Amino acid sequence: MSTEETHKIVPYRTFITVWIGLLALTVITVLASWIDLGALNVWLALAIASVKCSLVIAWFMHLKYENRFLKLIFLITLITLAVFIGLTFVDVLYR
Amino acid sequence: MSTPEPKDAFGAKFGMWLFLFTELILFSGLFILYAVYLAKYPKEFASAGQQLSVPFGAVNTLVLLTSSLFVAMATTSIQRGQKKLTEWLLAGTAFSAVIFMVNKYFEWSAKFHHGIYPDAPGLKELPQGEQIFYGLYFATTGLHGLHVLIGLALFLYVWGTVRSEKVHAEDYGLLENSGLYWHLVDLIWIFIFPLYYLVL
């Protein structure tokens, strides 16, 4: 298994750019909550939070630079979560 | 003379990610409960959610995002052999955890003052949906706060290992894995903040 990617040194500038992006998205999510969009508010907030999470996972958590194996097990976790959430709502919504 | 133990940096990182997945699934359970009860009691969730303080939530979001930046930068500085800078960044992270908890203390104190705390007598008079909302609020932010406290202890320890050069440019797995843990704590808050403080 190659560990070459594991030792990539990420420049400070990259992290600071990601941080600015995260702050901007935080401001957007606060502003968006002031507009009454009904049920859409929740979905919009979830969408923005997902983008923020992707930034944190890819750059801060370094997953972008890791090997395929780590990316694969991360994907498996996401699918597991999606199954949990999906099956719960299949039950809850059609009772 | 003792020979240093052989280390497997990738194995350690893989183990850390597996642990983080169990953490994600733990918190997801609480978020699934939130989603199910929000669908069942939208009005009660809205009226209870509006009692939460957006400024407290927003400040803690900034604190956690910034501390995540510090840890991410610390993984770069340790690899570049910048020991002093690494120490400062780790101290900054630990300090951020303190600010987060101080904020949480004031936020929860205000709630307690209004008679909103787990098993409070006044709470039982509220509609069931609001009781469930506050229950989930205390359980989720409480479990998250516990993670922040553990993070604080962890980063004080990592700071010490950098100072004593047990963690250095050739062996920084402890710092990297602690960073992964801290980013996960940040990730959970990225969902808690809009769901509990903003959208309702």
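Student: Which residue takes a positive phi just after helix 3 of chain B?

Tutor: That is Gly81(B), with a phi of about 75°. Keep in mind as we go that this is a predicted model.

Student: What makes Ser53(B) a cap for helix 3 of chain B?

Tutor: A side-chain oxygen of Ser53(B) lies 3.3 Å from the backbone nitrogen of Phe56(B), at the N-terminal end of the helix.

Student: Let's move to helix 4. Why is Thr86(B) called buried?

Tutor: Thr86(B) sits in helix 4, residues 83-113 of chain B. Buried means under 20% relative accessible area; Thr86(B) has 0%, so it is buried.

Student: What lies around the side chain of Thr86(B)?

Tutor: A polar atom of that side chain is 2.7 Å from the backbone oxygen of Gln82(B). Leaving aside residues up to four places away in sequence, Thr86(B) also touches Ala74(B), Ser77(B), Ile78(B), Val162(B) and Leu175(B).

Student: And Met16(B): why does that residue count as buried?

Tutor: Met16(B), in helix 1 (residues 9-40) of chain B, has a relative accessibility of 15%. The cut-off is under 20%, so Met16(B) counts as buried.

Student: Which residues does Met16(B) touch, not counting those up to four places away in sequence?

Tutor: They are Asn177(B), Leu180(B) and Tyr181(B). Tyr181(B) is 165 residues from Met16(B) along the chain, yet their C-alpha atoms are separated by 7.9 Å.

Student: How much of the contact in chain B, at a separation of 6 or more, comes from residues 24 or more positions apart?

Tutor: Such pairs account for 83% of those contacts.

Student: Finally, what makes up the secondary structure of chain B?

Tutor: Chain B has six helices and zero strands, and its elements run α-α-α-α-α-α from the N terminus on. The C-alpha atoms fill a box of roughly 70 × 30 × 30 Å along the principal axes. Of the 200 residues in the chain, 52% are buried.

Terms used:
Residues numbered from 1 in each chain as written. Chains lettered and ligands numbered in written order. Predicted model: local features only at pLDDT ≥ 70, side-chain atom pairs only at ≥ 80, totals over all residues. Heavy atoms only, no water. Polar contact = N/O pair within 3.5 Å; in protein donor to acceptor, adjacent residues only side chain to side chain. Helix = DSSP H or I, 4+ residues; strand = E, 2+ residues; numbered from the N terminus. Buried < 20%, exposed > 50% of the residue type's maximum accessible area, 1.4 Å probe, protein only. Contact = heavy atoms within 4.5 Å.
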